[in-house]
Amino acid sequence: MNIEGNTVTVQKSSKDVFEFLTKLENFEQLMPENTQKFEVDGDSFIFGLKGMPEIRLVMKEKTEYSNVTLGAASSKIPFTLAADISEVTNNESQVTLKFNGEFNAMMAMMVKAPLTKFIGTLTENLEKL
């Protein structure tokens, strides 16, 4: 299952956006209002949204100034969340969040709407930086 958020323009350089996203504690600023738990632990963080199970994300890959990819810490539900960053000007960049997960058809039906909303919220909050 692939979900791609809207491409948003952030009033920061690609370097600044990349550095923001590689500091995992900054993800707390991007989380939805209904976040009940957020804890950073080394190269991973765990978060919990109201009514949803807690999820641990681990830093998987970093390509300087162009991509940050996080992945599920658990192999039960394998997925990645990638931020593709492209510089527009010295003080402006575009970011697209991409979710890629391997779910069975039943699970995909259940999680597609909440995940799409979650990616939308992260994207909107990223645009406000």
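Analyst: Let's start with a term: a residue is buried when its relative accessible area is under 20%, exposed when it is over 50%, and partly exposed in between, using a 1.4 Å probe and protein chains only. Keep in mind that this is a predicted model, where local features need pLDDT of at least 70, side-chain atom pairs count only at pLDDT 80 or more, and totals for chains, interfaces and linings use all residues. Residues are numbered from 1 along each chain as its sequence is written, and side-chain values use heavy atoms, with hydrogens and water left out.

Now the salt bridges, meaning a side-chain nitrogen of Lys or Arg within 4 Å of a carboxyl oxygen of Asp or Glu. The structure has four of them.

Where do glutamate 54 and lysine 37 lie? Glutamate 54 is in the loop between strand S4 (44-49) and strand S5 (55-63), and lysine 37 is in strand S3 (residues 35-41), so the pair ties together parts 17 residues apart in sequence. Strands here are DSSP runs of E with at least two residues, helices are runs of H or I with at least four, and both are numbered from the N terminus.

Another salt bridge joins glutamate 19 to lysine 15, with the closest N and O atoms 3.3 Å apart. Both residues belong to helix H1 (residues 14-22), and they are four residues apart, about one turn of the helix. Glutamate 19 is partly exposed, with a relative accessible area of 29%, and lysine 15 is partly exposed at 38%.

Stepping back, the protein chain has three helices and eight strands, in the order β-β-α-α-β-β-β-β-β-β-α along the sequence. Buried residues account for 42% of its 129 residues. Its C-alpha atoms fill a box of roughly 45 × 30 × 25 Å along the principal axes.
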